[in-house]
Amino acid sequence: MKKLLFLCGAVLLLSGCQERTAYEKAVMEQIKNEQDVKDYKLDPEVVTRCIVDLSSANMGGIFNYDPRRLEAFRSYAKMLTLKDAKNPQQVMEELRTEFGSPKGLAEAHRNYTESTMNCFASLIMSSEEEVSESEQPEQKPADDQTSAPAAQVAPAPSVPVAEK
């Protein structure tokens, strides 16, 4: 009995990995062609991981290997590869059915788009912060100034100015 339960769990886990991997692959294909990734020199794998993690948090199901989440991964991957389909109209109808309605499909597309924009914004900001930190010169005080506090520095002698 325990072996059977373990075997079923392993099969579910492997199929869950396969569904998530298919979604990650579809996202990666989208990201490779994104101009912002090239302009800001972002790592496509990091962007993909961010988008998958962020968008999957708003998918159906409680955890990654929940059957509803696995179906969502499958449907999201199909949604992202719609333009490569031989019959896009038929795939669009399937997606509307899989997401429950045209509104559900629009909601899934919104989730993916928001996740993409949020990931780009956060990764671009962090890359700009890294660049600005590396460009700032380090200000090191001179050795003779570090030992004497500023209050103990003697004032400059005053030189009388001759009036004509």
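How many helices and how many strands does the secondary structure of the protein chain come to? The chain has 7 helices and 0 strands, and from the N terminus on its elements run α-α-α-α-α-α-α. Helices here are DSSP runs of H or I with at least four residues, strands are E runs of at least two, and both are numbered from the N terminus.

A word on the model before we walk through it. This is a predicted model, in which local features need pLDDT of at least 70 and side-chain atom pairs count only at pLDDT 80 or more, while totals for chains, interfaces and linings use all residues. Residues are numbered from 1 along each chain as its sequence is written, and side-chain values use heavy atoms, with hydrogens and water left out.

**Burial and the core**

Of the 164 residues in the protein chain, 27% are buried; buried means under 20% relative accessible area, exposed over 50%, and partly exposed in between, with a 1.4 Å probe and protein chains only. Contact means heavy atoms within 4.5 Å. Among the contacts with a separation of 6 or more, 61% join residues 24 or more positions apart.

In soluble globular proteins, nonpolar side chains tend to be buried together. Here the largest nonpolar core has 28 residues, and Tyr 23, Val 27, Tyr 76 and Tyr 112 touch the most other members. Helices α1 (2-32), α3 (44-56), α4, α5 and α6 each give two or more residues to this core. Such a core is a set of buried Ala, Val, Leu, Ile, Met, Phe, Trp, Tyr and Cys residues joined through side-chain atoms within 4.5 Å. Beyond its neighbours within four places in sequence, Val 27 is in contact with Thr 48, Ile 51, Val 52, Leu 80 and Tyr 112.

**Helix α6**

Helix α6 has 34 residues and reaches 49 Å from its first C-alpha to its last, close to the 50 Å expected at 1.5 Å a residue; the expected span is 1.5 Å times one less than the number of residues. Its buried residues include Leu 105, Ala 108, Tyr 112, Ser 115, Cys 119 and Leu 123. An α-helix has 3.6 residues a turn, so residues three or four places apart point the same way.

Glu 19 lies in helix α1, and Phe 73 is found in helix α4. The two are 54 residues apart in sequence and 5.8 Å apart in space, C-alpha to C-alpha. Phe 73 is buried at 0% relative accessibility, and Glu 19 also counts as buried, at 14%. Leaving aside neighbours within four places in sequence, Phe 73 is in contact with Glu 19, Arg 20, Tyr 23, Ser 56, Met 59 and Asn 64.

**Two pockets**

A pocket is found on a 1 Å grid over the protein atoms alone, as an open set of points where a 1.4 Å probe fits, with protein on both sides within 12 Å along at least five of seven lines; lining residues have an atom within 4 Å of a point. Volume is the space filled by probe spheres set on the points, which are joined across faces, edges and corners.

| Pocket | Volume |
|---|---|
| Largest | about 220 Å³ |

Of the 15 residues lining the largest pocket, Met 59, Gly 60, Ala 72, Tyr 76 and Phe 99 are the closest to its centre. Its lining has 5 nonpolar, 5 polar and 5 charged residues. By class, Ala, Val, Leu, Ile, Met, Phe, Trp, Tyr, Cys and Pro are nonpolar, Asp, Glu, Lys and Arg charged, and the others, Gly among them, polar.

The second largest pocket is lined by residues including Gln 30, Met 79, Leu 95 and His 109. Its lining divides into 7 nonpolar, 2 polar and 1 charged, and α6 gives the most, with 3 residues.
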